[in-house]
Amino acid sequence: MRGSLTARLRNLEPSLLLWIVLVAILVFLVVNPLVRLLISSLTDPASGHFTLSNFFAAYGRPRYITALTNTVVMGLWVTALCVATAVPMAWAVSRTDMPGKMLIRLLTLGAFITPPYLGALAWIFLAGPNAGWLNTAYKLMTGAESGLFNIFSFPGLVFIIAIYSYPYIFVFTSAALDTVSSEMEDAANIHGAGTWRTTFRITLPLVLPAIMGGAIITFLEAIALFGSPAMIAIPARYNVVTTQLLEFFSYPVRVEVAAAYALPLLAITIALYSLQQRIIGRRGHVTMTGKGGDRRKIELGRWRWVAFAGSLLVCLLAAVLPVLVLLQASFAKTWGRGLSLNNLTFQNFYYILFENQAAWRAALNSFWFAGASATLALGLALAIAYIVNRRLMPFGGVLSFLCLAPFVVPGIVLAIGFYAAYAPPPFALYGTAAIMILAFTTRFLPIAYANASASIRGVNPEMEEAVRILGGGRLTAIRRVVAPLLKGSLFGAWLLVFIPATRELSTAVFLYGPNTRVMSVMLLNLTDEGVLEPAAAFGLLLLIIIIAIVGLGYLLMGRDFMERRSE
């Protein structure tokens, strides 16, 4: 028996042993934190026995229930506002003769890559109740004693989240509209239907699955955000799930209560994401005649300028005004004093770059953690994608599912799972670089896997078989054939993990320690401390870095670079 087992082990190809190790790593990263999250929610921390008391503690106070209902209401309002904004914009860009389409697409991309918490900081400068730019201008023009806007309110929170979430619905809808043939629209026009009736009765129903899919993603993003609620909802005394979870991590830390409180958020996310996949899975009927049909642009006449003005207004609110006000505040002694030479200073940048050692350390941590996470995530994703696509092991669908599973886990829930799994002994990783890198790797593994899998599918396996026929092993085929062919696309995939990892906040804020603070957490800390001008300078530097990285990706990978995220 022993001899037979030894013979089998000798006959195993080294690559298969590597695959087994990688599967174990995948279980360590994805399964264990989620299992520990569930176990913690059902365990008494004092006795270690099974209990439901954590759920009673998590939902035993009215304010905790209110935070959950507030979150759902906020998510619904954000989604409704995004649909009302993004669908007309996508229709105008994809189906009409509206001018300035490339400008609208570019500014929408700008809104998409802007971290929502940085947008929230900018809108504090713009619509703060006392010294906000818009309120100051309103008081000067009307003589009123109070401003018109108060960003520290429920409408303010919905607005802030919506203007940085509408790109999801815009991308889904415009992509679907780009594939819809004009044949049925032409038929409707021939039978007497006007432009608007045709749009509402023919065009939009055809892309309804894409709109609904984008709306679900928008809702899920809205309810899982931490940065914007931390900056806007806390001062507004409007409690939501993510800010309530942070309260459970205040001293004394009640991770078991946080785990119980986070499970409904996880359940909502899984259920809605499953619904979104079913809806998007039916999109084959959307185009009807296929991508080969003609797509005639609808002539709007003078209304094309109205469409352009409306689209541009949204983009100005999301991408242009925030950058302008961040620029002003970062060079201001006091941001509320406005534009003047005697208010101009370079001290904020000098403080961030040369005096504040914590800022330097946070920047280095961000790039180090993001780079390491992108490398680990892509390496693991490439190995699993190769296993699945080449059918090297049974149950490949399970491996694929585990790689994509973190996509349906909100970052804040994943962080609690990692805390429960790896903060206590024997690992004791809380506050270390290791737990940050592992959490970031898991958080963005789905992006790496989706792109790696698409790249692997593009390589003909016959070329690898030729190497093996000539005496090379599978690893040799990967090193000599697969890797060179995938070099460009994998670099693009690496950037697509690196970019969101540099700006990640929801996961980092629960796991960082004194020496592992990252730029997103540093920006939040500066804002909490009221040092808004240096915070603006720091945020502007972060945005410039993100734009530079995205620009590099476009330069090296082409115009579809950011679209890879949804593959």
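Q: In which helix does Leu-353 lie?
A: This is a predicted model, where local features need pLDDT of at least 70, side-chain atom pairs count only at pLDDT 80 or more, and totals for chains, interfaces and linings use all residues. Residues are numbered from 1 along each chain as its sequence is written, and side-chain values use heavy atoms, leaving out hydrogens and water. Helices are DSSP runs of H or I with at least four residues, numbered from the N terminus. Leu-353 lies in helix H17.

Q: Is Leu-353 buried, partly exposed or exposed?
A: Buried means under 20% relative accessible area, exposed means over 50%, and partly exposed is in between (1.4 Å probe, protein chains only). Leu-353 has 31% relative accessibility, so Leu-353 counts as partly exposed.

Q: Which helix gives the most to the nonpolar patch?
A: Leu-353 is in this surface patch, along with Tyr-350, Phe-354, Trp-360 and Leu-364. H17 (347-355) and H18 (357-390) each supply at least two residues. With 3 residues, the top giver is H17.

Q: Is Asn-525 buried or exposed?
A: Asn-525 sits in helix H26, residues 519-528. Not counting residues up to four places away in sequence, Asn-525 touches Tyr-512 and Arg-517 (contact means heavy atoms within 4.5 Å). Its relative accessibility is 14%, so Asn-525 counts as buried.

Terms used
Patches are made of residues with over 30% relative accessible area and no salt bridge: like charges are joined within 9 Å, nonpolar side chains (Val, Leu, Ile, Met, Phe, Trp, Tyr) within 5 Å. Accessible areas come from the Shrake-Rupley method with a 1.4 Å probe; for residues, only the protein chains shown count as cover. A salt bridge is a side-chain nitrogen of Lys or Arg within 4 Å of a carboxyl oxygen of Asp or Glu.
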